[in-house]
Structure formats: C-alpha cells, structure tokens
Amino acid sequence: MPRTPEPRRQFESWLIPALIILFCAAAFWLTTMFKTMPPVLKRGIQPSDFPQLLLAAIVVLTLVMMWIDPVRVKEKLHGTTLGTIALFVVFALLTSIDLFLALAVFAAALAAYWGERRVIVLAVMGLVVPVAIFFLFDMVFEIRFPRGLLTNIWYE
Amino acid sequence: MDPVLNGLMALGDPYLLALLLAATIGGVVIGALPGLNATTGAALLLPFTLTMEPVPAIAILTAIYCSATFAGAITAILINTPGTAASATTCLDGYPLAQRGEAGRALGMAVVASTIGGVFSVLCLMLAAPLLARAAYNFSPPEYFALTLFGLSMLASIGDGSPLKNLIAGGLGIFFALVGVDNLTTVERFTFGSYELYEGIGFVPVMIGVFGISELLVQASSLHIQRKTVQMKTIDLPSRDDYRKTWRTILRSSGIGTFIGILPAEGATVASMIGYNEAKRWSRNPEEFGKGAIEGVAGSEAANNSATGGAMVPTLALGIPGSATAAVILAGLMVHGLRPGPAMFTEQADFAYAIFWSMMLVNILFFFMGLRGAKLFARFTLIPVQLLWPCVFVFSIVGAYALDQSMFDVWVALISGVLGFFMRRYGFSVVPLAIGLILGGMLEQRLGQSMVMLNEQWWLMFARPLTLFFFVLTALALFGPSLMRFGAKQRSPMKSSGE
C-alpha cells in the first residue's frame, strides 16, 4: 500500500520554535549580567543558576518539539481577530486620555465590529456599562481610577 | 473536632450565606454562557474579592468553581456547545436526548449526578486533605522541591495541548515568575530598571489575560458559528428507572472524578472523559452511548463535579493546584496572605473547614437552582456574543487595574491576553503558563533551601527516600506515556502478523 505523503510543514513550524529559542537566548544573555553573590550570601544557588537551567531546558524541549511534535495551524487567522487586536491598540492609545473613555469607545466599537447595529444597544454598551462599572468600583470597592479627561469630572 | 464545627458555624453568618447564594447564581450563569467557564469566571472575580475577609473571598471563588462546572451541562445539553471543557462529554449524549425532546430529563440527570459527585468529593476533601497535610507536615525543602517538580510535571498532560508544548508553556510560566527581585539574594532579575517589575509579574493580571482576554480573541474567530438551541419544556427529576440504570455509574464516576481531581494539575476535563469512558465500558448497552444514553450524562457530570473537591485536596494541603481553576483559587489564597500547605490545617484549620462546608452548601444550592432555574439559566445562552464580550473586556481591564490600582497590570493583562491567544492558536495550552507562574518562585526557593540544607551537594536529594519517590513519579509523568506508546508500537506489528 503506498504511503501517504506527510503534509508540508508550515512556516509557523519553524518560526514559533525560532522565536522561543531567540527569546531564551536573549534571556540567557541577560542572566550572565546578574550580580554574582559571594559564597556566604548566595543561599544555595546563584541568582542566575535557576533561570539558566530553566532556559536551557526550554530550548531542549523546543528542539525536541520541532522534531517530534511540530507546530501546526489548522485554520488561517480570521480578519475579525486581527481587527479586534487592532481595537486593543486603539484602546491602549486612548487610555492616555482617559481609561473610561477608552473602555467606552472599545466596548461600543467592539459590539459594532462584531455585528451589533442597534444604536440604542451601542449607546448602552458605550455609556451605561462603563459608567455603571465605574461607580460600582469607585463607590462600593473604593477603587480610585487614574485621572483623565472624564474621571477628573467626578474626582474634582 | 473543633475546627470542623467552627467551620460549620461560619456558615451561620447571613452575609456569607448571601454571598454564597449570589456566587452560586453567578457561577451557574458563567458556566451556562458559551466561552466563559469556571476558570475565567474565578480569574475575573478574583480582584473584586480583595477587599473582603479571606473566608468569604475564597468561598466565593470555590462557589464559582463548583456551580460553573455543573452549569456547563446546560449549554452542552441544549445547544451542543459545552459551557466548560469539562462538559464536552456531556454533549455526546445530552444533546441527542434534547433533540428527542428529553432535554428536561437530561438536565435533571445532570443536576442529580453533579450534586452527588460534588457532595461525595467534598466529603473526601474533608477526610483526605487533613491526612495529606499531616503526612506532608514533616517534609523538608528537598521533599517540597521534588513534590513541586512532580506537580509541574503533571502539567504535561493538562489542557488540550501536546505534552511537550504544555511543558514549554509551563517553563515559560516559571520563567515569568523569576522576573523581579530574587527572594533568596535580593538581586534584581529581568527588571530593566523598571519600578513596576521589581515586585515581579503579578499572577492575577496574567490569569485575567490568558483566561479572559485570550478567550475574547478566540470568540472573535468563531463569530460565524450559528448555534441551534433546543427548546426545553420542563425539567424533571430522573425517573426511578433512570436511577436504577445510573446509580452505579454515578458512584463510580464520583470516585474516579475525586481521584483524578486529587492528582496535581489534572482537573474536571480529564475526569469527565475517564468517567464517561468507564460508564460506557461498564454499561449493559454501550451501543446507546453517543445516541442519547442517560448513563453517559450521569457518568460525565458526576465525574466532572467530583473533580472540584478532589482538586482542592492538593491545593489546600500541599499548595499545588489540582486544576486550572484551583490555580486561580491558590492565587486568591496567596493574595489574601494565606499559606496553602500543611500548616493551613494547624494554623488556619477553621478557615479550611469553613471553605469545605461552603463548598458542600454550594453543591446543595445548585441542585435546587438547577431543578428550578435551569429553564431561566438556559436563556443566558441566548445572550449575543457582541454584547457579552465587550462587558467581559471592561470587567477584565477594571479587574486587572483594581488589584494594585496600577495601569501596569492593565498592560500585563492585555499583553498576556494576546500572548495567550497565539499560544492557543499554535497548540500551547495557557493553563501550564498560569500554573508555572504561580509555582515558579516556590520551586526556585525550595531548590535554594535544599542546596543550603545539603551543603550544595544536590545529588544527596536522590539519597532521600521520599524525594527519590517524587522524582520517580516525575519521571513517570514525563516519560511514562511516551514509553507506553513506544511499547504499544513495538507490540502491534507482532499482533498484525499473527492475524
């Protein structure tokens, strides 16, 4: 019976292990710059010993993984996922103006991006949800949120 | 006997009772919502328990754990989508039953089996945890190091990732635990001069990220999936004939689930799979499984709920999480300044028993809620994802911030969420990452203490019987499955040639 050919390896099967190994190499290099303690103060092991042992183990496991259990991706990355990650970036940028403004914009934008078209519902997502959560945490849990354009109105 | 009674007396507090009732309802709602599960629910709620006393705080988290694990059956039966991974096997027979117009019967059996499994496991927890703690009381650092290593080795078989990828994810989790000032030598490691990194990477924001925000991204890629809900008329208690058919299965699965739960890092998902398989293996009508066998629902649900109590045994007695949700509860214990481990049963025995009794109460509460409110809870499955997940995101961000009132934690949660999504996409489970982050510092600390104790002669660890025993268990956990597969491969050609 003819053997079925193995599926062609995707570029991720090399890229992901390469990224892990690069990360470990960079971290290992950083460990070489840790202070070395004199024998009396080192308490059993040097600060760099355990991280180095661990990073070496991760590299070995990654190499074994490449050989016997390579990374495979079943489906392509959806555009909606990338769009949602882009909304994370927008959220991160808006936090410099105000955390709750960023949350309001994100909540309404995500609902709209995922298919919600009713304006009233979008308004509830963008206004009522963040405001309700703000007052719940500010008044019940006594959490003080970072100052910003909107939170200053309440705090001052 | 005093701590047992004191723990029970704690439940007399109306505030605690009200919180437990609310948390049980919340847990059932979380478990019924597709995409949310006990781990995500506990991770999201953890920051909001910080202002509470330890007993109500941890009782809330355990209530979420027990009730959400049960409620996964609601979506499994009604929309063929397991609310939690542990309910995946419930779909196999629950949904065919619902399609035949017997959704009420299937849910009734799920409620009864879950309650019996849950109560059985809490009883085992009450007996086993103090015994295990007493056995571990005289452990020295080398034994603890070997035990923690064994707990981490069990990560290989956790989640849906491959063993190797799980170990790599666990290793990365341990690595992230090393960021900050070294506890043993006070040397700064990987801080890059950042003040926020001095204290290390907080495990609560990471958990919110990998369990909550990464799930949001997973949901983003499944927006096109249409879910078909089966209508349910009433929810009935199983008939006498159903009980006759299933009582052995329920008891067997309760035992299996509790045992699997006790194994470090093995949780309800593995328990439900084994419980279901055993129910099929022992059944007189195995051909009915997958087509609507009531024993299948009973086997799966009794096992997954009994794993909740089992998973709390190593969590409380040894400080090693028995499952992903137990890892979040362990994080909650540590955030509240409690020290899980043998000392808990001598120094904080009242607290431990209060948690046990509250778990028992929650199992009874969701029995009534399941019977009376399943129809209502089933409606939560209809909440559109485009409304649910923005709310989850807002809660995640505010929760991450609330812990230390620091924007740095918000960034950690956000980055962990994206990292967790890509890890899941490439087959790496995020559960080992979270558990590695919790246990990493402990592992290094115990290695250091062992080295001091053994005058830096690490090989002497192998001369200690208990340490050696845990090392052997670690080796078996890591290499046992591969060796068994290799052995099976070696035997199979002989069999085929014989045929």
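The radius of gyration used here is taken over C-alpha atoms, and the globule rule is 2.2 Å times the number of residues to the power 0.38. A compact globule of 156 residues would come to near 15 Å by that rule, but chain A has 25 Å.

This is a predicted model, in which local features need pLDDT of at least 70 and side-chain atom pairs count only at pLDDT 80 or more, while totals for chains, interfaces and linings use all residues. Residues are numbered from 1 along each chain as its sequence is written, and chains are lettered from A and ligands numbered from 1 in the order in which they are written.

**Chain A**

Select chain A. Its C-alpha trace spans about 70 × 60 × 25 Å along the principal axes. The chain has six helices and zero strands (DSSP runs numbered from the N terminus: helices are H or I, at least four residues, and strands are E, at least two). Of its 156 residues, 26% count as buried, that is, with 20 or more other C-beta atoms within 10 Å of their own, C-beta atoms being placed from the backbone.

**α4(A) and α5(A)**

Next, select α4 (99–113) and α5 (119–140) of chain A. Their axes come within 8 Å and cross at roughly 145 degrees (lines fitted to C-alpha atoms, for helices over the stretch in contact, with angles from 0 to 180 degrees between N-to-C directions). Residues of α4(A), including F100(A), L103(A) and A111(A), meet residues of α5(A), among them L122(A), M125(A) and F134(A); contact requires C-beta atoms, placed from the backbone, within 7 Å. By class, this contact has 14 nonpolar, one polar and no charged residues (Ala, Val, Leu, Ile, Met, Phe, Trp, Tyr, Cys and Pro count as nonpolar, Asp, Glu, Lys and Arg as charged, and the others, Gly among them, as polar).

**Where chain A meets chain B**

Now show both chains. The contact takes 52 residues from chain A and 47 residues from chain B. On the chain A side, α2(A) gives the largest share, ten residues. That side has 38 nonpolar, seven polar and seven charged residues.

**α8(B) and α19(B)**

Finally, select residues 163–177 and 431–453 of chain B, which are helices α8 and α19. The two axes come within 6 Å and cross at roughly 50 degrees. The helices are therefore oblique to each other (angles under 35 degrees count as roughly parallel, over 145 as roughly antiparallel, 65 to 115 as roughly perpendicular and the rest as oblique). In α8(B), residues such as N166(B), L172(B) and F176(B) belong to the contact, and in α19(B) the residues include P432(B), L437(B) and L443(B). This contact has eleven nonpolar, seven polar and no charged residues.

Terms used:
A residue is buried if 20 or more other C-beta atoms lie within 10 Å of its own, exposed if 12 or fewer, and partly exposed in between; C-beta atoms are placed from the backbone. Two residues are in contact if their C-beta atoms, placed from the backbone, lie within 7 Å.
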